[in-house]
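I hope it is handy to read with the viewer open.

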Amino acid sequence: MSPMMDANPAIHDDEGAAKKVVGVLEMFRKSIRMATDKSSLVPGQRGLKVSESGSGQSKALPSPRATSPLKSVTALFQAKDDEVDSEKGRAMTRSKTEPNMAPLDSLLKKGASIRRSLKFASRKDRRQEAFLAVQELASKDEGKDIVEEEVLEEMEETYTLPELPHTPLSVMQINKLIEMEVLEEAHLNLLALRVEFQQEWQRCGQDCSMEMAKKEKDLSILYADLRHKIMSIVRTSVSLPSRNRGLLVHVARIVQEEDKRAQEPGGLQGSWMDAWREAVGEGVREKVESVHLEQSHLNASWLAVHLGLLGKAVVEDLEMVKRDIRWSYPPSFMVFGTYVESYHATIRQHLNKLLQQTTQLKDLYALLDWIVHRYHSERIMGSPTLQPDMKDENPDLQLDEDFLLQLTEKFCTTVKEDLITFLDRLIELENKDMWIATQHPDKEEDFFNSDFHMDIWTKVKGNFVNARRIDAQLEHKVMISCLQVLKDFPKRFNAAYQQCCSHLRPQTLWSEYNVTYINSFSSLQHHMEAYGHECADLVETLKKEVTWLLHKLLQGLEDQFKEEAKPYLRRMMTRKWLTNDDDFDQLYARGELLSQHCDAMRPPHGQALASRLHRHVMKEYVGQLMKNNYSCKNRKHEKAAAKIKAQCSKLRELFQDMRSSEAWLYPIGDHLCEIIGQKNKADIKNHLQSLLEQYPDFSCTHLTAVLTFRGLLRGREHQQILHRLRQLRKTPAIAATLKDCDDKRRGFFRDMEVTVRTDCLSNISYFCLT
């Protein structure tokens with residue numbers, strides 16, 4: 001006779017069975033109410049005593065192997081409140097009482113769930129006999145008993161940490177608890193030990209003794225053991241859910257608590273949450289690697305069979321996570337999503353290995369079909385059993401860019417050849433309709449525009465759409481093929497453009513073409529950047545090629561302006577300049593034309609061009625002062641200062657309209673005018689500091705050239721002014737600012753050529769010249 005029959009000799013007696021089952025049900029409801037207030041059962045431990053938090057009392061954990069399954073259940077239901085140690089892994093399991101309403105199936109499921117949570121192994125015949133007894137009682141007494149239905153919910157995000165022990169266990173005892181997987185008790189004692197360490201650390205300060213170093217090492221070892229144990233539990237949680245489900249509750253709380261205390265001394269380096277995710281990934285990798293894979297010469301369908309088993313393993317594991325594992329974690333862990341991401345990453349790596357072993361067409365097709373159709377379908381990631389949890393997750397694999405390249409290369413050959421022919425025809429049409437006919441480009445939204453970039457975009461996008469109708473991955477392959485052709489297009493276009501338009505007259509038309517193609521290629525680059533996440537390398541290569549062409553076109557505009565402005569800038573600060581404005585007016589007219597071109601250029605290229613030419617114009621304009629082409633006499637310096645101030649003001653307004661980013665150049669004209677226009681020579685010293693604060697690379701040599709232009713060639717005042725500049729340059733504030741001018745972009749005077757008259761050299765100290 002079986003042990004169950006020994007324990008229940010009258011199980012077939014209706015009245016006896018009814019009484020016993022009623023008692024069981026009453027104690028069952030009582031045990032459920034106490035489940036959330038008691039510590040968890042630790043499976044596999046016999047008679048282990050664990051200290052309760054905040055007290056010195058201990059209690060023995062009952063061993064599930066001490067008695068038969070039925071006797072263990074009966075003993076548990078009849079235990080007193082202080083002897084019940086229900087599993088904390090069921091902290092998220094709540095009961096909803098609905099008298100006389102719950103169906104019999106809920107009662108049966110509840111009984112099965114309790115037996116699984118207590119980790120008792122029963123034989124099939126014993127379960128059937130117990131279920132028959134409960135069913136018989138329920139049929140006779142329907143509506144008289146209260147049946148409680150299990151409703152699984154996620155753990156609450158926040159929790160209250162139990163009181164730490166006043167006196168923590170020893171290092172060996174804590175280590176033993178970790179080994180025996182009594183994680184909650186071990187962690188509380190470890191935290192108490194850490195608090196003691198922190199208190200002693202604060203008392204001793206920097207004078208840490210060897211004892212403190214030893215305690216810190218003990219803490220590090222214990223924390224390493226605890227993390228290793230936790231990661232081991234997490235890795236096997238899907239494969240062994242019945243063993244680990246209760247422990248996962250403690251795992252989650254320990255990870256939360258340790259992440260909160262990450263900045264406190266005595267802990268372990270690295271994020272516990274990251275370690276948890278890594279353990280999930282390792283468990284997934286172990287599962288994928290364990291899926292049966294035959295050698296190709298032993299089974300002709302080796303890959304198809306393996307992929308079928310792999311898909312089944314994915315679904316089974318995610319179902320287990322959805323059904324059981326995730327209820328042991330708070331919502332912030334996003335358990336289901338983490339497992340989905342881990343499977344995506346692991347399978348992506350696994351497919352790369354399979355690709356190296358795959359040589360036959362049928363196997364390549366099986367691999368492609370599994371990737372394109374099966375993985376995200378209802379058979380695996382789209383499985384109805386995984387819904388609705390999968391609605392927030394991406395069911396598709398993110399494959400390497402070159403993976404499908406090897407499978408679909410032949411399909412893209414025609415697309416590449418067709419696109420090359422199409423681009424050649426565009427260049428021919430641009431030459432015929434614009435360059436040969438010398439037509440001015442059209443404007444769209446005040447920007448010069450050519451429609452060829454839209455023609456390219458329409459053609460390429462049409463290829464993508466057509467490929468998508470066949471296969472989503474084929475679209476990606478076609479995308480790669482098109483980008484491979486497009487990355488060579490900027491150089492081919494530039495070669496044809498330079499050949500046909502290098503001597504184009506008038507130059508204004510050539511500038512308009514440059515602006516037009518700057519806008520067009522910028523738009524083309526913007527269109528293709530939308531595929532950066534799918535073809536990052538090729539899009540980046542195309543971007544570099546387009547940037548190269550944009551630089552060539554912008555450099556052409558910059559060189560043209562410099563060449564046109566060069567003769568007018570050279571005649572600044574001369575006798576003719578002082579009495580005639582023709583040269584400056586011509587310079588200003590070129591600047592206005594540049595402003596029009598910048599306005600017709602799409603951001604940010606217009607601003608970048610204006611900023612570079614702003615710097616060039618101001619450097620050349622001020623540089624004429626340093627060449628000593630003219631020296632003001634008979635109080636002409638006042639007129640010269642007024643003219644410099646007025647012209648610098650006009651240049652400032654011009655480049656402000658072009659939104660130049662070189663605003664730091666605006667005050668230079670005012671500072672120089674203050675030096676040149678002073679009536680009293682001695683007052684010049686008072687205006688040197690403000691100049692040096694903004695332009696610390698202004699040297700004695702530059703000052704000598706400015707004084708020479710003013711007409712102050714020698715004398716006591718000349719030497720005093722130079723001496724004052726030398727003193728200011730030695731001050732800490734100016735010296736510190738001067739170091740910043742090592743950046744060539746902010747250095748204004750440093751590289752400016754200075755011509756010093758020989759008759760002035762005798763009055764200048766050697767160190768001043770240097």
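**Notes on the predicted model**

1. Lys566 is partly exposed, at a relative accessible area of 39%; in these notes buried means under 20% relative accessible area, exposed over 50%, and partly exposed in between (1.4 Å probe, protein chains only). The residue sits in helix H19, where helices (H or I, at least four residues) and strands (E, at least two) are DSSP runs numbered from the N terminus. Lys566 and Glu620 are 54 residues apart in sequence, yet their C-alpha atoms are 8.7 Å apart in space.

2. A word on the ground rules. This is a predicted model, in which local features need pLDDT of at least 70 and side-chain atom pairs count only at pLDDT 80 or more, while totals for chains, interfaces and linings use all residues. Residues are numbered from 1 along each chain as its sequence is written, and side-chain values use heavy atoms, with hydrogens and water left out.

3. Now the overall picture. The chain has 29 helices and 6 strands, and 47% of its 770 residues count as buried. Its accessible surface comes to about 39,300 Å², with 50% belonging to carbon and sulfur atoms; accessible areas come from the Shrake-Rupley method with a 1.4 Å probe, and for residues only the protein chains shown count as cover. Among contacts (heavy atoms within 4.5 Å) between residues at least 6 apart in sequence, 78% join residues at least 24 apart.

4. On to charge pairs. Side chains of opposite charge can pair when their charged atoms come close. The structure holds 21 salt bridges, each a side-chain nitrogen of Lys or Arg within 4 Å of a carboxyl oxygen of Asp or Glu. One of them pairs Lys229 with Glu181 at 4.0 Å, N to O. Lys229 lies in helix H8 (residues 210-235) and Glu181 in the loop between helix H6 (171-179) and helix H7 (183-204), so this bridge ties together parts that are 48 residues apart in sequence. Both residues, Lys229 and Glu181, are buried.

5. Asp317 and Lys287 form another salt bridge, at 2.6 Å, N to O. Asp317 belongs to helix H11 (residues 302-323) and Lys287 to helix H10 (residues 272-290), so the pair ties together parts that are 30 residues apart in sequence. Asp317 counts as buried at 8% relative accessibility, whereas Lys287 counts as partly exposed at 23%.

6. Glu564 is partly exposed at 27% relative accessibility, and Arg590 is partly exposed at 24%. Elsewhere, salt bridges that share partners join Lys322, Arg326 and Asp389 into one network.

7. Which residues gather in a patch of positive charge on the surface? They are Arg575, Lys633, Lys636 and Lys639. Patch members have over 30% relative accessible area and no salt bridge, and like charges are joined within 9 Å. Lys and Arg count as positive and Asp and Glu as negative, with His and the chain ends not counted; each charge is placed at NZ of Lys, CZ of Arg, CG of Asp or CD of Glu. Lys636, in helix H23 (residues 636-657), is partly exposed at 33%.

8. There is a negative patch on the surface too, with Asp442, Asp446, Asp599 and Glu653 among its residues. Strand E5 (442-444) and H23 each supply at least two residues of this patch. Asp446, in the loop between E5 and strand E6 (447-449), is exposed at 60% relative accessible area.

9. Finally, some backbone spots to check in your viewer. Most residues other than glycine have a negative phi, and most peptide bonds are trans. Cis peptide bonds, with omega about 0°, join Gln387 to Pro388 and Pro603 to Pro604. Phi is positive at Glu181, near 65°, and at Met573, about 60°. Met573 is in the loop between H19 and helix H20 (575-579) and is buried, with a relative accessible area of 1%.

Notes. Patch = residues over 30% accessible without salt bridge, like charges linked within 9 Å, V, L, I, M, F, W, Y side chains within 5 Å.
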